[in-house]
Amino acid sequence: MNQKNILPLYEIFIRSKRGLDHKHVGSLHAENSEQALEYARDVYTRRSEGVSIWVVLASDITASQEEDASSFYDPSDDKPYRHAMHYVLPEPINNM
Amino acid sequence: MNEAIKTEQSALLNFVLAEADDALILGQRLIEWCYSAPYLEEDLAISNVCLDYLGRANNFYEYASELDTRKRSADQLAMLRDSREFSNLLIHELPIGDFAFTMARQFVLDVFYVEYLAVLMDSTDDRIAGIAAKSAKECDYHLRRSREWILRLGDGTEESHTRLQNGLNELWGYIPELFMQSEAEKQLMAQGVCADRAALQPAWDACVNEVLEQATLTRPDVSWKVSGGREGIHTETHGYLLADMQFLQRAYPGQQW
C-alpha cells in the first residue's frame, strides 16, 4: 500500500457504563472522524461493550517521551507525603 | 379447515417466506465481502450489516416454519429449496460487483427498508411487527453508513464517481420491483398485515434524489426494468449463489454444528 492510500489513525475511547469514564480500547484507520465513529461502533461495540464512544485523531495526541522519564517521574518517587495513604477513609468509601 | 382460511394461511406463509428470502439472499451476497473488503475496518462493518440481514432472515424463517403445513424447519426452508422456490426480489441477488456497486445497491435498499420497516412494524400480525421493529433499528444504522459511502464515492475522485454512477445505472432497472405488490401482499393488505409498497415510492424518491444530488451523481433515466423474483424467476447467478450457500446441507444432509 503506498503512502497516500493510508487513512489517518484514530484512537478509540469507550465508556462501558454510565458513570464510568471513557477508556482507551484501541485504534483504527478511517477517512474522517465521522467514519471513525462508525467503525469504532462496528469494531469495538459489537458485544454491547459501550454506551458512549470518543474518537481522537492519533496525531492530535501529544505524548510524554520515554527519554523524559527521569525528569518527569523519578522526582516524585521520594515524596510519600503527596500520597493520601495516611488519611483514614470512612468505611463506605472503598474506591480511592 | 375451510378453503378461505387455507388460502389466507398460504398467503401469509408466502409473504413471510418472501421477506426471509430477501434478507437471506442479500446477506449471502454481503458475506462475500467478509475477508475481502477494501480494509479491515470496512470488512468488519460490512460483515455486521450482513449479520443483521441473516438475523432478520432467521426470524422470518422461524415464523415461516411455524406456518408451514409441511413442517419444514427454518434451516430446511433456507438450505433445501431450489431457485424456483425462492421468492426474493431480484435486486438482492445481483452479484456484488465492485465496492461501488455493492454500496449503490445497499444505499437504494437501505432507503427503501427504512421506509418499509417503519410501516411493517405496525403490522396487525404481532410476529411480523416485532421482527420489523428490531430490523428497523439496524436499518437506520445501515442507511447512515451507505449514505456516507454514496457521498464519499460520488463526490470523491473521478474514478470513484464513475464507478458509483455505473453501479447505479446497472441496478436501476431492478428497483421498480421493490414497489410492486405480490399476490400474497394484495391478499394480506386488507387485514393490515403487510405494507403498501407502492405508497413508499415518493418518500424513497425524495431521499434518493437528495443524496444523489449532494453526491454529484445523476439519477439514471432508464426505460428497462426487470421483475419476476416473487414468482421464482431469477437471474442466472441465483443458482450459483444457492450452490455456494447450500453446499454443506446438500452434501451432508442434516449436518449440524
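This is a predicted model: local features need pLDDT of at least 70, side-chain atom pairs count only at pLDDT 80 or more; totals for chains, interfaces and linings use all residues.
The contact between the two chains draws on 11 residues of chain A and eight residues of chain B. On the side of chain A that touches chain B, strand β2 (23-29) and helix α1 (33-44) each provide at least two residues. The largest share of this side comes from α1(A), which gives six residues. By residue class, the side of chain A that touches chain B holds five charged, four nonpolar and two polar residues.

Strand β1(A), residues 9-15, shows alternating side chains. β1(A) is antiparallel to β2(A), and six bridges join the two strands. Within this pairing, Ile14(A) has Lys23(A) of β2(A) as its bridge partner. β1(A) also pairs with strand β3 (residues 52-57) of chain A, again in the antiparallel sense and over six bridges. Here Ile12(A) stands opposite Val55(A) of β3(A).

The largest nonpolar core comprises 77 residues. The residues with the most contacts inside this core are Val16(B), Ala20(B), Phe60(B), Ala64(B) and Ile91(B). When residues up to four places away in sequence are left out, Val16(B) touches Phe60(B), Tyr63(B), Ala64(B) and Leu67(B). In soluble globular proteins, nonpolar side chains tend to be buried together.

Helix α5(B) covers residues 126-154, 29 residues in total, and its first and last C-alpha atoms are 40 Å apart. This span is close to the 42 Å expected at 1.5 Å a residue. The helix α5(B) bends by about 25 degrees at Ala136(B). Helix α6(B), residues 158-171, has 14 residues and should therefore span 20 Å at 1.5 Å a residue; its end C-alpha atoms are 20 Å apart, in agreement with that value. The buried residues of α6(B) are Arg163(B), Leu164(B), Gln165(B), Gly167(B), Leu168(B) and Leu171(B). Among the elements that cover these buried residues are α4 (99-120) and α5 of chain B.

Two loop residues of chain B have positive phi values. Tyr35(B) is located in the loop between α1 (3-30) and α2 (40-67) of chain B, and its phi is near 70 degrees, a positive value in a residue other than glycine. Tyr35(B) has 9 other C-beta atoms within 10 Å and is therefore exposed, the cut-off for this class being 12 or fewer. The C-alpha atom of Tyr35(B) is separated by 9.0 Å from that of Ser47(B), a residue 12 residues apart from Tyr35(B) along the chain. Lys71(B) occupies the loop between α2 and α3 (74-79) of chain B. The phi of Lys71(B) is near 55 degrees, a positive value in a residue other than glycine. With 8 other C-beta atoms within 10 Å, Lys71(B) is exposed.

Note on methods: Residues are numbered from 1 along each chain as its sequence is written. Chains are lettered from A and ligands numbered from 1 in the order in which they are written. Two residues are in contact if their C-beta atoms, placed from the backbone, lie within 7 Å. Helices (H or I, at least four residues) and strands (E, at least two) are DSSP runs, numbered from the N terminus. Ala, Val, Leu, Ile, Met, Phe, Trp, Tyr, Cys and Pro count as nonpolar, Asp, Glu, Lys and Arg as charged, and the others, Gly among them, as polar. The expected span of a helix is 1.5 Å times one less than its number of residues. The bend at a residue is the angle between axes fitted to the seven residues ending there and the seven starting there. A residue is buried if 20 or more other C-beta atoms lie within 10 Å of its own, exposed if 12 or fewer, and partly exposed in between; C-beta atoms are placed from the backbone. Two strands pair if DSSP finds at least two bridges between them. A nonpolar core is a set of buried Ala, Val, Leu, Ile, Met, Phe, Trp, Tyr and Cys residues joined through C-beta atoms within 7 Å.
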